Amino acid sequence: MSPSYLNFLPFLLRFFPVCIYIFTFSLFSEPNFRIVIDPGHGGVAKDPKAQHGDKYDSVTQTYLETYKQGTENGSITERKVVLDLAKEVHKVLKLTETDVGWKEFESYLKLFSKKNEFTRVKLISHLTRESSFDDDAPSDDPNAPYRLYDFPDPKSGIRKKGRLSKINELKPHLVLSLHLNPASKGQKGGMAAVLTPGYKTFSNLKKISDKQKSPNGFLKGPWSDWLIFHSGWSKLENATADTWIYLHGYWSKKNGKETDLSKFEGYRQNMISWKYADDPNWEKNIGKKGPYAKTHEEFLESGRFWEREMGKKEEWRREGGKEGFGGDNHYVTRELMRFVQYGLPIQLKEKDSPYPELGPIQKPYISTYSLPTYTNALCAFIEIGYVNRSRDIKYLTQNKKETAISLAVGIYSLFVGLDVKKNPNLPYNPKGKKVNWERYETYFEDVL
Ligand SMILES: [Zn+2]
């Protein structure tokens, strides 16, 4: 040992306890992941729209749409079923925050895996709402806690944050949004993913609508099964209308070429509070060549939001990936559905309950949805059941706890990975693969 090193020794010994402390702290503090659970809807579709609606447009100073109340069947309402389930998932995730809770959480992981030891993580969960409009006392503005977009306080005029802004404020890694759908005649029920493609697909559709490209590639591809929201229009015509809503905010006419100036959905990137909104006074550029043009020809993708849309991370989130299309959003959504499809029968078998026959995983709903576009997180947007199918409602209410455990174990698996016991008797087995979170770097923090 050299004399110079010996001189340094007292210094090292003095700081040794500090080094030990830092080392053990980094070794024994579990990684934290942030999850927001969003039970869909909660508000009331009340008139007048100008007073009670959602999608507040600061330019025309009015609400662009009636509040979307969600689906219902008799006394069963989507808002109540998904709220109760969301609360239960929240409760199970919260177990990971304490040592006692973790023991219980581990017992759930053991139902799905042959392993006996599991990496400890903390899954920090938040709910976007804990009530619905019908739980609250009469209010002047009953939709205030439930709107998606920012809106002015009716008395003070001060801008208040809607749900999308509140979600982004929490900087989640994952958003779990729970919804129900009505089943059409003959449909078996079950569950389905809700997806929005990335810029690549919309840019392709833009070229198709401008007749710069043949529609054949799109029609043969996985996004072709677009949601028909305008009956009488083809899937491609609906996809084109959605593309222009996504781009300049206006619907296109049936021919895809012209803008329908009577149907406006807003400059949505500026209707929430986040770093991807345009600079103040952006309204001055409305109607000019650029991102607020009113014709297809004059529209240009410029500004922070469009830079984000065209970036690599948005592509990972919404295009390609483990499911073949829909990116990590599709993977997290489908994986959580597989966990429910797998987790319900194995848990109910253990309790000698009748084996629940679940409806299948249906094909995804594809459109330009607000949640996957304007939140800065991976989005598991699930139609978790069909409101008018009794077996769906049965497992979502009577087996709410088992459904919630399945979703919570699935969320754990998305962050850590899970060696799931193979069960060839079940129609769906989860893959148990974690998401490649590392490649997103500071994406989730970088939102305000
Ligand atoms: Zn819904």
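**Charged contacts and a metal site**

Reply: Aspartate 328 is buried, with a relative accessible area of 4%, where buried means under 20% relative accessible area, exposed over 50% and partly exposed in between, with a 1.4 Å probe and protein chains only. This is a predicted model, in which local features need pLDDT of at least 70 and side-chain atom pairs count only at pLDDT 80 or more, while totals for chains, interfaces and linings use all residues. Residues are numbered from 1 along each chain as its sequence is written, and side-chain values use heavy atoms, with hydrogens and water left out.

Me: Which side chain meets aspartate 328 in a salt bridge?

Reply: A salt bridge is a side-chain nitrogen of Lys or Arg within 4 Å of a carboxyl oxygen of Asp or Glu. For aspartate 328 the N to O distance is 3.1 Å, and the partner is arginine 439.

Me: Is lysine 363, which forms a salt bridge with aspartate 225, buried or exposed?

Reply: The closest N and O atoms of aspartate 225 and lysine 363 are 3.6 Å apart. The two residues are 138 residues apart, aspartate 225 in the loop between α7 (216-220) and α8 (235-247) and lysine 363 in the loop between α11 (327-350) and β13 (365-366). Aspartate 225, at 24% relative accessibility, counts as partly exposed, whereas lysine 363, with a relative accessible area of 55%, is exposed.

Me: How many salt bridges does the count come to?

Reply: One network of salt bridges links Arg308, Glu309, Glu314, Arg317 and Arg318. Another salt bridge joins the side chains of lysine 275 and aspartate 446, at 3.4 Å from N to O. By the rule given above, the count comes to 40.

Me: Which residues coordinate the zinc ion?

Reply: Donors are N, O and S atoms within 2.8 Å of the metal (3.2 Å for Na, K and Ca), and water is not among the atoms, so sites may look incomplete. Along the chain, the donors of the zinc ion follow the spacing H-x36-E-x100-H. Glutamate 78 lies in helix α3 (residues 78-94) and histidine 179 in strand β9 (residues 174-181), so this pair ties together parts 101 residues apart in sequence. At 2.1 Å, the zinc ion is coordinated by His41 (NE2), Glu78 (OE) and His179 (ND1).

Methods:
Helices (H or I, at least four residues) and strands (E, at least two) are DSSP runs, numbered from the N terminus.
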